Amino acid sequence: MTHSLHTLVRDLRLRRGRERRGLALAEGVRLVEEALAAKVPIRHLLASPALEATPRGRTLKAALAAAGHTLAPVAERDFDQLAATQHPQGILAVIEPPRWELDAIHPGALAPVLVLDGVQDPGNVGTMVRTAFALGAAGILALPGTAELTNPKTLRATMGGYFRLPCVGVDETGFRRWAESAGVRVLLAAADGPAFSWARGRIGIPLREGAESLNVAVAAGILLYEVTRG
């Protein structure tokens, strides 16, 4: 069982493995805490002695046991080989990530939808999901070229936001169809971005002279704040 579980984890490091199995990996105390709190289905749990090195880790272990989950013990050295982080916290979960649909997204005047177009860095994508959830966005749409939402690095960067905020991958045709049916106003936030002929306009952030640009996740946070503060 242990060998097959290790094989499963390695397979889920790959996108094709995640797509074939419909599973993903949640690594670290915080992300597993969030998965448990959001009632995300947890298929398997691997734990090394490092989990009990901190009070928070011990609390999580007790909470998982109380919820009926069994933790498969893994030696520290073996766990380090399975983990994707530089400093593993001793807990790794195989989960069934939420499969959000477009009808789960309900935009409103103070609940915008953040559309990601070709945002390739998983850390940036995860940070944008985390920020959108925190600021009250209605959801995330990920257009082609955007980093996979269930990539382990993306999930870690969402800090649990993906478990609670509808995030849907969609192509431009599907995006336009949804936008028209939902009656939303589509604004482009990049001066050199794709000019969707059906968009309603552009929006931007004034920068001081000499500043080239902002990190995409930082820019998204500023724009979301401006929209959601009313």
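Two strands pair if DSSP finds at least two bridges between them, and both helices (H or I, at least four residues) and strands (E, at least two) are DSSP runs numbered from the N terminus. The structure is a predicted model, in which local features need pLDDT of at least 70 and side-chain atom pairs count only at pLDDT 80 or more, whereas totals for chains, interfaces and linings use all residues. Residues are numbered from 1 along each chain as its sequence is written, and side-chain values use heavy atoms, with hydrogens and water left out.

View 1. Three strands form an open sheet in the order E5-E6-E7, with parallel pairing. Strand E5 (113-117) and strand E7 (167-169) stand at the edges with a single partner strand each, so one side of each is left without a neighbour in the sheet. E5 and strand E6 (residues 139-143) pair in the parallel sense over 5 bridges, and Leu114 stands opposite Ile140 in E6. Helix H6 (residues 122-134) packs on the sheet, touching E5, E6 and E7, and its direction makes about 175° with that of E5; contact means heavy atoms within 4.5 Å, and angles run from 0 to 180 degrees between N-to-C directions, the axes being lines fitted to C-alpha atoms, for helices over the stretch in contact. Helix H8 (residues 172-182) also packs on this sheet, where it touches E5 and E6 and its direction makes about 145° with that of E6.

**View 2. The mixed sheet E1-E4-E2-E3.** This open sheet has 4 strands, and its pairing is mixed. Edge positions are held by strand E1 (24-27) and strand E3 (72-73), each with a single partner strand, so one side of each is left without a neighbour in the sheet. Strand E2 (residues 42-47) pairs with strand E4 (residues 91-95) in the antiparallel sense over 5 bridges, and Leu45 stands opposite Ala93 in E4.

**View 3. The contact of helices H3 and H4.** The axes of helix H3 (residues 29-37) and helix H4 (residues 55-66) come within 11 Å and cross at roughly 30°. The two helices H3 and H4 are therefore roughly parallel to each other, a term that covers angles under 35 degrees. In H3, Val29, Arg30, Val32, Glu33 and Leu36 meet Arg56, Gly57, Leu60, Ala63 and Leu64 in H4.

**View 4. The whole protein for orientation.** The protein has 9 helices and 9 strands, and its C-alpha trace spans about 55 × 40 × 30 Å along the principal axes.

Terms used: Angles under 35 degrees count as roughly parallel, over 145 as roughly antiparallel, 65 to 115 as roughly perpendicular and the rest as oblique.
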